[in-house]
Amino acid sequence: MNKVAHSPCDNNAALFDAIARDIADSGYSIQAKALPQPLLDKLSDQVQAMPASDFKQAGIGRNSEHQLNQVIRSDDIVWINGATAAERAWLDWLESLKVFLNRRLFLGLSSTESHFAHYGPGDFYKKHSDAFKGQANRVLSMVVYLNRDWLANNGGELLLYREEEGQAAMKVTPSFGTIVVFLSEDFPHEVRPTQRDRFSIATWFRCNNSSAIQ
Ligand code: OGA
Ligand code: MN
């Protein structure tokens, strides 16, 4: 038995390296079929087995109104807190990515927050930013998709906009195992209405620079 050869760092080195390189070069990274298969299967099994009643309507900000929420986003979410083996494996994987990115890019990431999201047919999330300059401590946003056999006409694409005007948005198909990572302040984005059930995990890597908040 050789434990070292199976450490998370070894398994993920090439993927983490590619994500770090992309973030440094362009502020975002899109990796198809990227999440390690055993982890992907575990998370997908869990999300498929979860009763709809576990999912709660997603909110925006702290004091926002219920009605306003529904105009902007209509997905349901479940926060991931390590209650199952799959969730613990996911949080371990996130931790190893966080450590890697801190070493490689000196990002000073201190914590993560992560939730499952379910978009039923017709659900969407209109154009928004996950963080605002000078206010938030969300540094990196990441989404992983848990949808087997996604077809081009199923909708539900993530559109990622660059801040500069006139640039075409990047379009991400929410296919099984695709990972998208981007700098939270720099890429407004939206989820186009989906035609079928769409499952994902959204994650934010934060830094606790509370002294920088004005
Ligand atoms: C979000 C988000 C994108 C997606 O939850 O903030 O933008 O593709 N999700 O699910
Ligand atoms: Mn978002």
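Leaving aside its neighbours within four places in sequence, which residues is Trp90 in contact with?

**View 1. Contacts of Trp90 in the predicted model.** Beyond those neighbours, Trp90 touches Leu35, Leu39, Leu43, Ile80, Ser114, Met142, Val144, Ile201 and Thr203; contact means heavy atoms within 4.5 Å.

**View 2. The largest nonpolar core.** This core holds 37 residues, and Trp90, Trp93 and Phe116 have the most contacts inside it. A nonpolar core is a set of buried Ala, Val, Leu, Ile, Met, Phe, Trp, Tyr and Cys residues joined through side-chain atoms within 4.5 Å; buried means under 20% relative accessible area (1.4 Å probe, protein chains only). At least two core residues come from each of helix 1 (8-26), helix 2 (37-49), helix 4 (85-105), strand 6 (138-145), strand 9 (179-183) and strand 11. Helix 4 gives the largest share, 8 residues. Helices (H or I, at least four residues) and strands (E, at least two) are DSSP runs, numbered from the N terminus. Another core, of 16 residues, lies apart from this one and includes Ala58, Ile77, Tyr119 and Val172.

**View 3. Phe199 in strand 11 (residues 198-206).** Phe199 counts as buried because its relative accessibility is 12%. Leaving aside neighbours within four places in sequence, Phe199 is in contact with Val47, Gln48, Phe55, Ala117, His118, Tyr145, Leu146 and Asn147. Val144 is 55 residues from Phe199 along the chain, with 8.8 Å between their C-alpha atoms.

**Notes to all views.** Residues are numbered from 1 along each chain as its sequence is written, and chains are lettered from A and ligands numbered from 1 in the order in which they are written. In this predicted model local features need pLDDT of at least 70, side-chain atom pairs count only at pLDDT 80 or more, and totals for chains, interfaces and linings use all residues, while side-chain values use heavy atoms, with hydrogens and water left out.

Conventions. Buried < 20%, exposed > 50% of the residue type's maximum accessible area, 1.4 Å probe, protein only.
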